[in-house]
Amino acid sequence: MPVYRRADLLRIITLVVALLAAVAATSAFAREFRAADTQNEDYPTVQALLYMGSMVAERSGGRHQIKVFHSRQLGEEKETLEQTRVGAIDLNRTNVALIGNMVPAMNVLAMPFLFRSIEHLQKVLDGPIGSEILASFEPYGFVGLAFYDSGARSIYNSVRPVRSIADLKGLRLRVQQSEQMSDMIKSLGAEPVELPYGQVLTGLATRLIDGAENNWPSFVTTDHYKYAGYYTLTEHTMSPEVLVMSKKAWGSLSAEDQQIFRESALRSSRFMREKWRDLEEGSRKQAEAAGVKIVTDIDRKPFEAAMAGLYAKAQRDPAVAQLIERIRKVE
Ligand code: GTR
């Protein structure tokens, strides 16, 4: 047995401690982050998350990975958001209407007829208001990373072509699990039915609901268009998608890695824009080719006017009222 001198022993201990510290600074903190998305694998938001994942892996030298659970593998949006808030899921790509139940500024982005056009929406989200909103999530248990395009949402149904508010009377329309979206449909004289995204197709097929509302890609990639042959371009909301991280996962990252996540998320949002435009156009064509009747010539004024009560309710919160005002002023 070799006999070590005191000095040798000290040197060995120092070496081992240094080695352990080096391991701790690198691989010991390497992690796989779990990301939830309700859409299917080919959908642009999922593609954006995969893109972000490869960027994070590359920029962190392979220390961090993102595993994307698409197609509701981790559950429906309402539940995955709860889990993200408590830190059981690390990243969540959700529609603002869902997280609006928890973060008031998100409900503002889901307000009907707030944005004049997609250009107006993008200007708001890409500018200082968008950054401020992303920075405002922490008190609610999330970190806001980026917005993704989602186009405009319109109403579709299987009963009749909707040309005016009167045509909506009595229709049972599925809405996201959001009080504000329910209120909106009620204000139009239809009957809201709150259902998770994954149950809409069965709802349409079994006539539990007469219709729903969504953008072109969601209408088509889910096969809803096969059961609801009338799509009216109400374009009532332009609620975008948002990517949030749990505060717990965020807190586990070094400042440098937080920067990598933030930048990669923003880059993924730009990457996704072109894919989104293509899919939007392609989905509309696919629906048309399948015989869906598209009602384009509607007067949106009465629809907008019907939202007065919804606005009055939301604007009772001074911070919300101010945000609405600022968004409207963006040219
Ligand atoms: C889609 C959105 C999903 C989900 C869905 C819905 O447009 O991308 O995140 O919110 O709408 O209506 O449930």
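Which residue in E9 is the bridge partner of Ile 155? The bridge partner is Thr 232.

## Basis of the model

This is a predicted model, in which local features need pLDDT of at least 70 and side-chain atom pairs count only at pLDDT 80 or more, while totals for chains, interfaces and linings use all residues. Residues are numbered from 1 along each chain as its sequence is written, and side-chain values use heavy atoms, with hydrogens and water left out.

## The chain as a whole

The protein chain holds 15 helices and 11 strands. Helices (H or I, at least four residues) and strands (E, at least two) are DSSP runs, numbered from the N terminus. Along the principal axes, the C-alpha atoms fill a box of roughly 95 × 45 × 30 Å.

Of the 331 residues in the chain, 51% are buried; buried means under 20% relative accessible area, exposed over 50%, and partly exposed in between (1.4 Å probe, protein chains only). Among contacts (heavy atoms within 4.5 Å) with a separation of 6 or more, 74% are between residues 24 or more positions apart.

## The five-stranded sheet

An open sheet of 5 strands has the order E2-E1-E3-E10-E4, with mixed pairing. Strand E2 (64-69) and strand E4 (142-148) are at the edges with a single partner strand each, so one side of each has no neighbour in the sheet. Two strands pair if DSSP finds at least two bridges between them. Strand E1 (residues 31-37) and strand E3 (residues 91-95) run parallel, joined by 3 bridges. Ala 36 has Asn 92 in E3 as its bridge partner.

Helix H2 (residues 44-59) lies across E1, E2, E3, E4 and strand E10 (241-246), and runs at about 165° to E2. Axes are lines fitted to C-alpha atoms, for helices over the stretch in contact, and angles run from 0 to 180 degrees between N-to-C directions. Helix H12 (residues 255-289) also packs on the sheet, touching E1, E2, E3, E4 and E10, with its direction at about 25° to that of E4.

## Strand E9 and its partners

Strand E9 (residues 230-237) is largely enclosed by the rest of the structure, because 6 of its 8 residues are buried. Strand E5 (residues 153-157) pairs with E9 in the antiparallel sense over 4 bridges. With strand E11 (residues 293-295), E9 pairs in the parallel sense over 3 bridges. Here Tyr 230 stands opposite Lys 293 in E11.

## Ser 178

Ser 178 lies in the loop between strand E6 (172-175) and helix H8 (179-187). Ser 178 is buried, with a relative accessible area of 1%. Leaving aside neighbours within four places in sequence, Ser 178 is in contact with Ala 97, Asn 101 and Glu 194.
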